[in-house]
Amino acid sequence: MSAPLLDVSGLCMRFGGLLAVNEVALRVEKGQIVSLIGPNGAGKTTVFNCLTGFYKPSAGSIRFRGEEVSGMPGFKLARKGMVRTFQHVRLFRQMSVVENLLVAQHHHMNTSMLAGLFKTPGFRRSEKEAMERAAWWLERMDLLEFANRTAGTLAYGQQRRLEIARCMVTRPTLLMLDEPAAGLNPRETADLQELIAELRSEHGMSILLIEHDMKLVMGISDQVVVINQGSPLADGTPEQVRQNPDVIKAYLGET
Amino acid sequence: MPDSFYYLLQQLLNGLTVGSTYALIAIGYTMVYGIIGMINFAHGEVYMIGSYIAFIVLAALALLGIESLPLLIIGALVCSMIVTSAYGYSIERVAYRPLRGGNRLIPLISAIGMSIFLQNLVRIAQGSRDIAMPNLVRGGIDIGPSTGFHATLSWMQIIIFVVTLISMVLLTLFITRSRMGRACRACAEDLKMTNLLGINTNAIIAITFIIGAALAAVAGVLLGMYYGVINPYIGFMAGLKAFTAAVLGGIGSIPGAVLGGLLLGVAEALTAGYFSAEYKDVVAFSVLILVLLFRPSGILGRPEVEKV
Amino acid sequence: MLRNLKPAVISAVVVVILSGLLMGVRLSQQGTSLVLVGAGADVAVKIAGAALFIFLFNLFRDQLAALWHRVPALPRTPAAFSVLAARPAAHRLLWCFLIAAALIWPFFTNRSNIDLATLVLIYVMLGPGLNIVVGLAGLLDLGYVGFYAVGAYTYALLAMYFGIGFWTGLAAAGAMAALFGFLLGFPVLRLRGDYLAIVTLGFGEIIRILLNNFTSLTNGPNGIGNIPKPDLFGLEFSRRASEGAQTFHEFFGIDFNSVHRVMFLYFLALVLVLFTLFVINRLLRMPVGRAWEALREDEVACRSLGINPTAVKLNAFTIGATFAGFAGCFFAARQGFISPESFTFIESAIILAIVVLGGMGSQLGVILAAIIMTLLPEVARQFDEYRMLLFGLLMVLMMIWRPQGLLPMKRPHLELKT
């Protein structure tokens, strides 16, 4: 059995005197969908921030593809294939929709100065490929008609989809979604569930998500990790977690 | 005691003198930054206006035949504080309040524009050349042997220390004991919340600007009398140095501004005394750059954690 | 109306306090003593007038606001025109027209106009350069004049000590400015907006002070003179050639006319400007330029996508500095003499004003603003004393009324093929 794609153990995060994350562990195998849940304030986003390089963890190990990456800056992790979305959508609001997707492909593109200044064939090819990839994802996300619209003018649901598309054009290995269903109506959430499943089955994504919407969590996850007040509470299949008395007690029911 | 000791002592005295005036101006910067998070670029010009008013009042009082030093100083202080407070209030009202919230670049550019405007206003009104005032306060206390090298603590320096001390005591009493001072502290902690609790935050912000301006006026009066020369361009340098002092001590912290001011004053005096007077100004900038690189929260500030 | 009475009175009183002492009396040196002189009746009248104006304005504030709303809006540009104007073909036509006009114009005007135009072109070089740093990357650089100074002094010093020519000097100036940009950029780019501004201002001042005091190298406040003018492939633009060289008019067999040199400088500036604009135009459509804008928008999002913010910022800083270096070299060549006096903070403020007034990120807007900002003081010579005053006021007013600038940046329209 090969090593898991993402292997987190003993993760701790301290802010001054406050221990926000205490010995959290989780594993994502290749092609798995893992959900991280817990009551509000449990420290889920803090865990995410540690995993994605926005915080430097106080202790613990984070191994991505067997490599120890704990404490690495965020942009390096993104280049290794770990990308994330944000709780509050962080698009480049003044730039157009398609520009958002082009920027995301930055480190895959030909960024040589001279090539760009003289529009060499290599540069043109690189731009063309990036455009095609952007167009493909826009079509898949039903955003093609908005290609040249300013990203900030999109509706909320569309912005969320754009954010996920933006992640996907970076050709990631592990997709980390921070409350992707927040603010979506049931119809949009069902679409999201389909989308996540498709990202896994057709694009070979492994996915880690933070969610409050239990229907989505139970419906899509292979594994569910529960944390409460920074400490791990449970770890298992959706069925196991649903019946775990500690979890029920901590949550008091959101089904 | 060797001569070098008295030389050092003199530099320290000079440095602390100038440093305490930097502290007064720095408090204005730090209070405004603490409450609305912007650098009041025009603050240096308010200090400059304060010194001009001081000169005008002193000349007027002298013309009226008033010779008593305490009366002259108090007269200069009071008039200067009134005028600069009016300026502080107006600047906030006109150039900053309409721009609150949103892009941080815009109020900063407005502040720079305001600074240029005020500088040139004074230049047109009073001329761009240096204006000198006869020394009103002479003599001091000699420390050391009466013959040979000794340090001198001039009366003017003592006056500066005393007035600065009184100002800071009054400010501290205001901030810690009065109701409005408490409101100021609340606004500095969390402006939105304080507003939601029913406190008129616009008024508090205006008061903050006024207090800062008044303290700058005190500095203007004192430094004007100390150096004896003013011109419309002294605000720029003084402003930058005072800002450096505020950052050095920890922006947002009033004791920090005081500490930063004193340290900067001493550092400058030592540079001028032992190295070269011309590179004095470089000291402030270098300090600023070093602090922001290695300890951006300053000496007494608390490091900020980025929220994602 | 009555409820506005109290604020109206207060504001009038404030106006009097603000201006009464400061402008109503004048300090005057008489020997060693200081004397007060009344500033004159006209000043008193002006102050009274201002106070009255503010009083009435505040008193009738509500009525005035109602009146303002009833004023009909300016007619909007017809939709067909906007669509036409947005087409890339229309843009290209506009540029061709502008360039042609710029090339032909000097032959139909006098020497001083051409000279003025050259000055305008220098700012048209500086504006877009700073635009990269401030408008595109969103880094508030208040010390841009420092790189300008580095460029100018690099050429001047190399010419003085090593006798190099203009073109070599140009390359050297750009490289040196780029180096300074890189070195200065490194430490400061971790800083937040306001702090970055002050630190860059500090750097600009340090450069000026060092240039002023390092007399052994830079001649200090006396400046450096005799900076060689640029030549055209070895042809000099003087009445008589120097050792071993030939003059322009001799080569072409025409009479010497001092306007030739002025025109040559103009065309040279034009070439540099077009080069600058071309490069920046390309940069905007390259990953580099997009990364700058993305960084300005949201640095956190950039990091999450694999973009290294420090590298991108450093990039912007260095490239911006290079253009300032080129402009500085040309400035030195045009003036023939430079001193630290030309490189004060006010210059940085003027260039910043150009970028902001033009519309941050917008090429055309910045060019327009550069032209206006440089021409206006020349045209309104009688207001020379009030120039800086109005400049400061303009900055404040623009921020309040139209912070997006004269011609806000428009996003390029990208064609998608599916």
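Why does B:F209 count as buried? B:F209 has 27 C-beta neighbours inside 10 Å, so the residue counts as buried (20 or more other C-beta atoms within 10 Å of its own, placed from the backbone).

This is a predicted model, in which local features need pLDDT of at least 70, side-chain atom pairs count only at pLDDT 80 or more, and totals for chains, interfaces and linings use all residues. Residues are numbered from 1 along each chain as its sequence is written, while chains are lettered from A and ligands numbered from 1 in the order in which they are written.

View 1. Helices are DSSP runs of H or I with at least four residues, strands are runs of E with at least two, and both are numbered from the N terminus. Neighbours within four places in sequence aside, B:F209 is in contact with B:V32, B:G88, B:Y89 and B:E92 (C-beta atoms, placed from the backbone, within 7 Å). B:S90 is 119 residues from B:F209 in sequence, yet 9.4 Å away in space, C-alpha to C-alpha.

**View 2. The open sheet of chain A.** Four strands run in the order β2-β1-β4-β5, with antiparallel pairing (at least two DSSP bridges between paired strands). β2 (18–28) and β5 (67–68) of chain A stand at the edges with a single partner strand each, so one side of each lacks a neighbour in the sheet. Seven bridges join β1 (residues 6–15) of chain A to β2(A). A:V8 has A:L26 in β2(A) as its bridge partner.

**View 3. Chain B against chain C.** Here 50 residues of chain B are in contact with 44 residues of chain C. On the chain B side, α4(B) gives the largest share, 16 residues.

Conventions
Two residues are in contact if their C-beta atoms, placed from the backbone, lie within 7 Å. A residue is buried if 20 or more other C-beta atoms lie within 10 Å of its own, exposed if 12 or fewer, and partly exposed in between; C-beta atoms are placed from the backbone.
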